[in-house]
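Subject: Structure handover

Hello,

Here is the structure for your files. Please look it over, then read the notes below.

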Amino acid sequence: MEGNMGWTAQHPVSHVIWVPASEVQANDYNPNTVAPPEMELLELSIKSDGFTQPIVCWRTEDHYEVIDGFHRHLVGKKLGMEYLPIVIVNQDRTDRNDRIASTIRHNRARGRHEIAAMSDIVIELKRRNWSDVRISRELGMEPDEVLRLSQISGLAEMFADKEFSEAWEAV
């Protein structure tokens, strides 16, 4: 076990830091939601047990952007905590696409997403020139799931500014 210490030091979880809560901010793309009963349970957990998992963040110029732990960050702020425990993801993952993919991987490993929000993420990554293969690989999706999610908002977007005639009349 001791021989692995150099290897483990390179992982973000080996470097938990406490930062001012005001410097931790949500990202604008997380499709994950938590129902009110689970939010109450999370709050009880943090009150009773303290933070048992740090908030995963990316360091921007003036704040820490949440990649995983959005709800932990909300609860910490709600409880009036002045500082929140965070880890910073690997610094070579600088692109917004990388951060989006990291958020989705963290979320998908735990639970479920809202379909419309996931569709928006897939469309955004496609607009940013990610291939279906890369989206599938980076987000842990089957190719048919990427296709279905592309079609949900993609089809609506394709026909958004088109006019349609009524094919029938209601009686």
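Buried here means under 20% relative accessible area, exposed means over 50%, and partly exposed is in between (1.4 Å probe, protein chains only). Valine 87 is a case in point: it is buried, with a relative accessible area of 5%.

Some ground rules. The model is predicted, so local features need pLDDT of at least 70 and side-chain atom pairs count only at pLDDT 80 or more, while totals for chains, interfaces and linings use all residues. Residues are numbered from 1 along each chain as its sequence is written, and side-chain values use heavy atoms, with hydrogens and water left out.

Confidence

pLDDT is the predictor's confidence in each residue, from 0 to 100. The chain has a mean pLDDT of 83. Of its residues, 82% reach 70 or more. Helices (H or I, at least four residues) and strands (E, at least two) are DSSP runs, numbered from the N terminus. Confidence is lowest in helix 1 (residues 5–8), at a mean of 68. It is highest in strand 1 (residues 17–20), at 97. Where pLDDT is low, the predicted coordinates should not be read in detail.

Overall layout

There are 7 helices and 5 strands in the chain. Along the sequence they follow the pattern α-β-β-α-β-β-α-β-α-α-α-α. The chain has 171 residues, and 36% of them are buried. Its accessible surface (Shrake-Rupley method, 1.4 Å probe; for residues, only the protein chains shown count as cover) comes to about 11100 Å². Carbon and sulfur atoms hold 53% of that surface. Contact means heavy atoms within 4.5 Å. Among contacts with a separation of 6 or more, 76% join residues 24 or more positions apart.

Strand 5

Which residues does isoleucine 86 touch, not counting residues up to four places away in sequence? They are His15, Val16, Ile17, Val19, Val24, Pro54, Ile55, Cys57 and Tyr64. Isoleucine 86 is in strand 5. It counts as buried because its relative accessibility is 0%. Its C-alpha atom is separated by 8.5 Å from that of glutamine 53, 33 residues apart along the chain.

Valine 87 lies in strand 5 too. Leaving aside neighbours within four places in sequence, its contacts are Pro12, Val13, His15, Val16, Pro54, Ile55, Val56 and Cys57. Valine 87 and valine 66 are 21 residues apart along the chain, with their C-alpha atoms separated by 9.9 Å.

Helix 3 covers residues 70–78. Buried in it are His71, Arg72, His73, Val75 and Gly76. What covers them includes strand 2 (24–25), helix 2 (36–49), strand 3 (55–59), strand 4 (64–68) and strand 5 (83–88). Glycine 80 follows helix 3, and its phi is positive, near 80°.

Alanine 26 sits in the loop between strand 2 and helix 2. Its relative accessibility is 36%, so it counts as partly exposed. It touches Val66, Phe70 and His73, not counting residues up to four places away in sequence. The C-alpha atoms of alanine 26 and aspartate 68 are separated by 9.3 Å, at 42 residues apart along the chain.

Aspartate 68 lies in strand 4. At 5% relative accessibility, it counts as buried. Cysteine 57 is 11 residues from aspartate 68 in sequence and 6.9 Å in space, C-alpha to C-alpha.

Helices 4 and 6

Axes are lines fitted to C-alpha atoms, for helices over the stretch in contact, and angles run from 0 to 180 degrees between N-to-C directions. How do helix 4 (residues 96–108) and helix 6 (residues 132–139) cross, and at what angle? Their axes come within 8 Å and cross at roughly 50°. The two helices are therefore oblique to each other. Angles under 35 degrees count as roughly parallel, over 145 as roughly antiparallel, 65 to 115 as roughly perpendicular and the rest as oblique.

From helix 4, Asp98, Ala101, Ile104, Arg105 and Arg108 meet Arg134, Glu138 and Leu139 of helix 6. By class, this contact has 3 nonpolar, no polar and 5 charged residues. Here Ala, Val, Leu, Ile, Met, Phe, Trp, Tyr, Cys and Pro count as nonpolar, Asp, Glu, Lys and Arg as charged, and the others, Gly among them, as polar.

Within helix 6, Ile135, Ser136, Glu138 and Leu139 are buried. Just after this helix, glycine 140 takes a positive phi of about 70°. Asparagine 129 has a positive phi of about 70° although it is not a glycine. It is placed in the loop between helix 5 (115–127) and helix 6. Asparagine 129 counts as exposed, at 70% relative accessibility.

Best regards
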